[in-house]
Amino acid sequence: MHTDVQEILFTEEEVAAKVRELGELITREYQGKELLVIGILKGAAMFMGDLVKRIGMVVEMDFMAVSSYGKSSESSGVVRIIKDLDKSIEGRHVLIVEDIIDTGLTLHYLKNLLEQRNAASVKVAALLDKPERRQVEISPDYLGFSVPDHFIVGYGLDFAERYRNLPYVGVLKPEVYQS
Ligand code: PRP
Ligand code: MN
Ligand code: MG
């Protein structure tokens with residue numbers, strides 16, 4: 001375990017088992033449909049990469065990069081698009097992949113945006129959910145784990161861009177982000 005990590009919430013093996021389970025569920029539910037999987041950079045990178053490998057059919061992949069204004073203080077819920085999708089999603093079955101839902105503002109904005117672009121369907125897969133922090137009503141269609149309101153890092157999740165490459169999901173020691 002990294003010295004800045006206080007506790008491991010989900011080991012690499014536990015994450016892999018959950019991702020496999022979600023992949024199998026998604027495979028069953030999208031049987032006979034063409035799926036476009038959209039990863040939200042950067043946090044979703046690990047989950048996206050592992051999840052698509054567990055989906056037992058051909059999918060297309062695309063990515064968006066967004067930055068949320070006012071993440072720390074009061075937020076308007078407006079999200080700035082840093083990188084948009086490469087292609088039109090009109091008529092497509094879309095699955096948004098996120099690492100974590102916190103206030104819900106990012107996902108709420110993205111889901112509305114993709115629905116407005118006339119996707120056939122827009123669903124959400126999130127590895128982690130922090131329901132205590134929610135500011136808008138939104139919940140994932142496919143969820144890995146609910147987590148308590150702690151500073152969580154690893155498996156894509158960062159603090160100041162660090163710790164994304166930890167293979168597990170853990171809680172950061174308070175002295176690391178308080179210093
Ligand atoms: C994090 C996380 C989600 C979003 C969730 O991304 O990856 O995308 O915040 O927060 P919300 O529910 O309160 O909107 P972040 O903006 O930190 O960018 P990153 O993915 O590049 O780390
Ligand atoms: Mn993110
Ligand atoms: Mg982040």
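Predicted model: local features only at pLDDT ≥ 70, side-chain atom pairs only at ≥ 80, totals over all residues.
Me: Why is V58 called exposed?
Reply: V58 has 7 other C-beta atoms within 10 Å, and a residue is exposed if 12 or fewer other C-beta atoms, placed from the backbone, lie within 10 Å of its own, buried if 20 or more do, and partly exposed in between, so V58 falls in the exposed class. The residue sits in the loop between α2 and β3 (59-68), where helices (H or I, at least four residues) and strands (E, at least two) are DSSP runs numbered from the N terminus. Its C-alpha atom is separated by 9.8 Å from that of K33, 25 residues apart along the chain.

Me: What makes A160 and E161 stand out in the loop between β8 and β9?
Reply: Phi is near 50° for A160 and near 70° for E161, positive values in residues other than glycine. Most residues other than glycine have a negative phi. A160 counts as exposed because it has 8 C-beta neighbours inside 10 Å, and E161 counts as exposed because it has 7.

Me: Why is the peptide bond from L41 to K42 called cis?
Reply: Its omega is near 0°. Most peptide bonds are trans. K42 lies in the loop between β2 and α2, and it is one of the residues that come nearest to ligand 1, together with G43, D102, T103 and T106.

Me: What makes up the shell around ligand 1?
Reply: There are 16 residues around ligand 1, a residue being near if its C-beta atom, placed from the backbone, lies within 6 Å of the molecule. The largest share, four residues, comes from β5, and the shell divides into six nonpolar, five polar and five charged residues (Ala, Val, Leu, Ile, Met, Phe, Trp, Tyr, Cys and Pro count as nonpolar, Asp, Glu, Lys and Arg as charged, and the others, Gly among them, as polar).

Me: What does F47 contact beyond its neighbours within four places in sequence?
Reply: F47 is in contact (C-beta atoms, placed from the backbone, within 7 Å) with V19, V97, D99, L127, Y155 and G156. In helix α2 (residues 45-53), F47 is buried, as are M46, M48 and L51, and the buried residues of α2 pack against α1 (12-29), β2 (35-41), β5 (93-101) and β6 (121-129).

Me: Why are β1 and β8 called edge strands?
Reply: Each pairs on one side only, in an open sheet of three strands with the order β1-β9-β8 and antiparallel pairing.

Terms used
Residues numbered from 1 in each chain as written. Chains lettered and ligands numbered in written order. Contact = placed C-beta atoms within 7 Å. Pairing = 2+ DSSP bridges.
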